Amino acid sequence: MATVHLLRPCFLPSIKLKPSTLTLPRPTTYSPLKPKPKNAVVSARMSNNSTSTPATERLISIAAYTLPFFNSLQYGRFLLSQYPKLALLFDPIIPFLAFYRSIPYSSFVAFFALYLGIVRNPNFPQYVRFNAMQAVTLDVLLVVPLLLQRIFSPGRAGMGFRIMLWSHNALFVFSIICFLYALSSCVLGRTPYLPFVADAASRQI
């Protein structure tokens, strides 16, 4: 009889428990001191902070790009003399250009003011420093053709003069396009990436 009593549970039907009955409740990490934020509100705030650029940063960035723009106008003398109607578009900026050139060593003063006062100043935001560095880099690149012109002295006729004329026209058109692109981007609060300039400027920041 003892063996029958011990073997009796083996003949009972097996009962399968559901996995849900074996799981323990997860401990909650909610703290009354740190209320759980709403995902919609957080994502909306992050999107607003990432897309908004203060007006002061835009104005400083636009002012920085005027340095290479003013210095590039000397390359347009051949193109503007060939097309006088095109020169009429630059008549509104002649007073500003005359004031800029009336200041002794204005180009050097503006260059070091941008580089030392903005690019190397951590108090300015990254947006302003990057745009100022792009303007400084573009201004340095515009000086290289003048140095080559003084070294080789192509003269006023011949193939050397034609190469100089074509290069000046190309640099003038390129600088105007870069200025208009940077101007429109800064007005909209976006970051302009100038060709041949953006990579060099990003490495200096």
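The largest cavity is lined by Tyr65, Pro68, Phe69, Ser72, Leu138, Ser175, Cys178 and Phe179. The elements that give two or more residues to this lining are α4 and α10, and α4 gives the most, with 4 residues. The model is predicted, so local features need pLDDT of at least 70 and side-chain atom pairs count only at pLDDT 80 or more, while totals for chains, interfaces and linings use all residues. Residues are numbered from 1 along each chain as its sequence is written, and side-chain values use heavy atoms, with hydrogens and water left out.

**Cavity and pocket**

- The structure holds 1 cavity of 30 Å³ or more, and about 40 Å³ of space lies in the largest cavity.
- On a 1 Å grid over the protein atoms alone, a cavity is a set of points where a 1.4 Å probe fits but cannot get out, and a pocket is an open set with protein on both sides within 12 Å along at least five of seven lines; lining residues have an atom within 4 Å of a point.
- A volume is the space filled by probe spheres set on the grid points, which are joined across faces, edges and corners.
- The largest pocket holds about 520 Å³ of space; of the 19 residues that line this pocket, Asn71, Gln74, Ser107, Phe108 and Val143 are the closest to its centre.
- Two or more residues of the pocket lining come from each of α4, α7, α8 and α9, and α9 has the largest share, 7 residues.

**Helix α4**

- Helices (H or I, at least four residues) and strands (E, at least two) are DSSP runs, numbered from the N terminus.
- Buried residues of α4 include Glu57, Ser61, Ile62, Ala64 and Tyr65, where buried means under 20% relative accessible area, exposed over 50% and partly exposed in between (1.4 Å probe, protein chains only).
- The buried residues of α4 pack against α7 (94-102), α8 (106-119), α9 (126-152) and α10 (159-187).

**Serine 72**

- Serine 72 is found in helix α4 and counts as buried, at 0% relative accessibility.
- Its side chain makes a polar contact with the side chain of serine 175 (3.2 Å); a polar contact is a pair of N or O atoms within 3.5 Å, and within protein one must be able to donate a hydrogen and the other to accept it, with residues adjacent in sequence counting only if both atoms are side-chain atoms.
- Leaving aside neighbours within four places in sequence, serine 72 is in contact (heavy atoms within 4.5 Å) with Leu142, Phe172 and Ser175.

**Aromatic rings**

- Rings of Phe, Tyr and Trp (its six-membered ring) pair if their centres lie within 6.5 Å; planes under 30 degrees apart count as stacked, over 60 as edge-to-face and the rest as tilted.
- The count by this rule comes to 9 aromatic pairs.
- The rings of phenylalanine 70 and tyrosine 100 have centres 5.2 Å apart and planes at 45 degrees, so this pair is tilted.
- This pair links distant parts of the chain, with phenylalanine 70 in helix α4 and tyrosine 100 in helix α7, 30 residues apart.
- Phe69, Phe70, Tyr100 and Phe179 are linked into a cluster by ring pairs.

**Positive phi**

- Most residues other than glycine have a negative phi.
- Tyrosine 105, although not a glycine, has a positive phi of about 55 degrees; tyrosine 105 lies in the loop between α7 and α8.
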